[in-house]
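Student: Could we go through this one together? I'd like to learn where the labels come from.

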Amino acid sequence: APAAAVIPAAGRGLRLGPGAPKALRQLGGTPMLVHAVRAMARARAVTLVVVVAPPGEAEAVRSLLDEHPPPPGVDQLVVQGGETRQESVRRGLDALPDDIEIVLVHDAARPLVPVDTVDAVAAAVRAGAPAVVPALPVTDTVKQIAAPSEPPGGPEPVVATPDRALLRAVQTPQGFDRATLVAAHQKHVEGDATDCAGMVERLGVPVVLVPGHEEAFKVTRPLDLVLAEAVLARRRK
Ligand code: C5P
């Protein structure tokens, strides 16, 4: 079954500090987005990579990707992103050709995901799971609060401490049977889901977790860039 990767890359990356959109920032001398596209294009099942570009940057992203052509047998396509991740993913889905049966949604902000993780997610969908999410146990204990303090930085009363053994931190690529993911997006047009699998859960369709990978971490804050550079340097040795 042919698979496409949809890579939402339209976020501004404000938590990383001021500068270019996050996906266009460099990692080891190459934009983060190029790393993410390569990671997906190397996966066995992937025949198409759809990049969802920051508003106004579609042309720039197209020429950037032309400088880094995909391996033979893989096409790449750039569409314009939206206000939210959910809208950006929907625009990516709208651009898929008819023959695609499996969709892997992957954050541009996870540039170092190993190809084995991508292959494992795609294989689980191919084996019949409608929604597959790579995940890791959480290392921190997690507290629930009633509401974020306003303004941020103030004290926040705790309402619960969920059992850590039952919590998982989810990563991408999240893999879906195409029809299932499209149905989830048609049902929930409003909203700002940061996680496609959550939308599928609300349809009542089962979602399963498979083991994620430490190197699939999301580059969000400045310290994450330090870690990403170190991982890259270790790979290049
Ligand atoms: O903000 P967060 O780190 O959760 O973003 C995850 C991914 O979603 C990033 O790759 C980001 O570029 C993308 N995104 C998007 N469109 C938005 C917001 C985020 O494609 N409007």
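Student: What share of the contacts in the chain with a separation of 6 or more comes from residues 24 or more positions apart?

Tutor: Those residues account for 73% of such contacts. Two residues are in contact if their C-beta atoms, placed from the backbone, lie within 7 Å. Before we go on, note that this is a predicted model, where local features need pLDDT of at least 70, side-chain atom pairs count only at pLDDT 80 or more, and totals for chains, interfaces and linings use all residues. Residues are numbered from 1 along each chain as its sequence is written.

Student: How confident is the predictor in the chain, going by its mean pLDDT?

Tutor: pLDDT is the predictor's confidence in each residue, from 0 to 100. Here the chain's mean is 96, and 100% of its residues reach 70 or more. For the complex, the predictor gives an ipTM of 0.94 and a pTM of 0.96.

Student: How many helices and strands does the chain have?

Tutor: Seven helices and twelve strands. They are DSSP runs numbered from the N terminus: helices are H or I with at least four residues, strands are E with at least two.

Student: Why does G81 count as buried?

Tutor: A residue is buried if 20 or more other C-beta atoms lie within 10 Å of its own, exposed if 12 or fewer, and partly exposed in between, with C-beta atoms placed from the backbone. G81 has 27 such neighbours, so it counts as buried. You'll find G81 in the loop between strand 5 (75–80) and helix 3 (85–94). Leaving out residues up to four places away in sequence, G81 touches P8, A10, V52, A53, P54, P55, S88 and R91.

Student: What makes I100 count as partly exposed?

Tutor: I100 has 17 C-beta neighbours inside 10 Å, so it lands in the middle class. I100 sits in the loop between helix 3 and strand 6 (102–105). Not counting residues up to four places away in sequence, I100 touches P2, A3, A4, L48 and R178.

Student: Which residues of helix 5 are buried?

Tutor: In helix 5 (residues 178–187), they are R178, T180, L181, A184 and H185. Their cover includes helix 3, strand 6, strand 7 (131–137), strand 11 and helix 6 (196–202).

Student: Which residues touch the most other members of the largest nonpolar core?

Tutor: Of its 60 residues, that's I7, M40, V46, V51 and L104. Helix 1 (residues 32–41) gives the most to this core, with eight residues. A nonpolar core is a set of buried Ala, Val, Leu, Ile, Met, Phe, Trp, Tyr and Cys residues joined through C-beta atoms within 7 Å. Leaving aside neighbours within four places in sequence, the contacts of V51 include I7, A9, L33 and V37.

Student: Which residues are closest to the ligand?

Tutor: P8, A10, G11, S88 and A108 are the closest of the 19 residues that surround the ligand. To be near a molecule, a residue needs its C-beta atom, placed from the backbone, within 6 Å of it.
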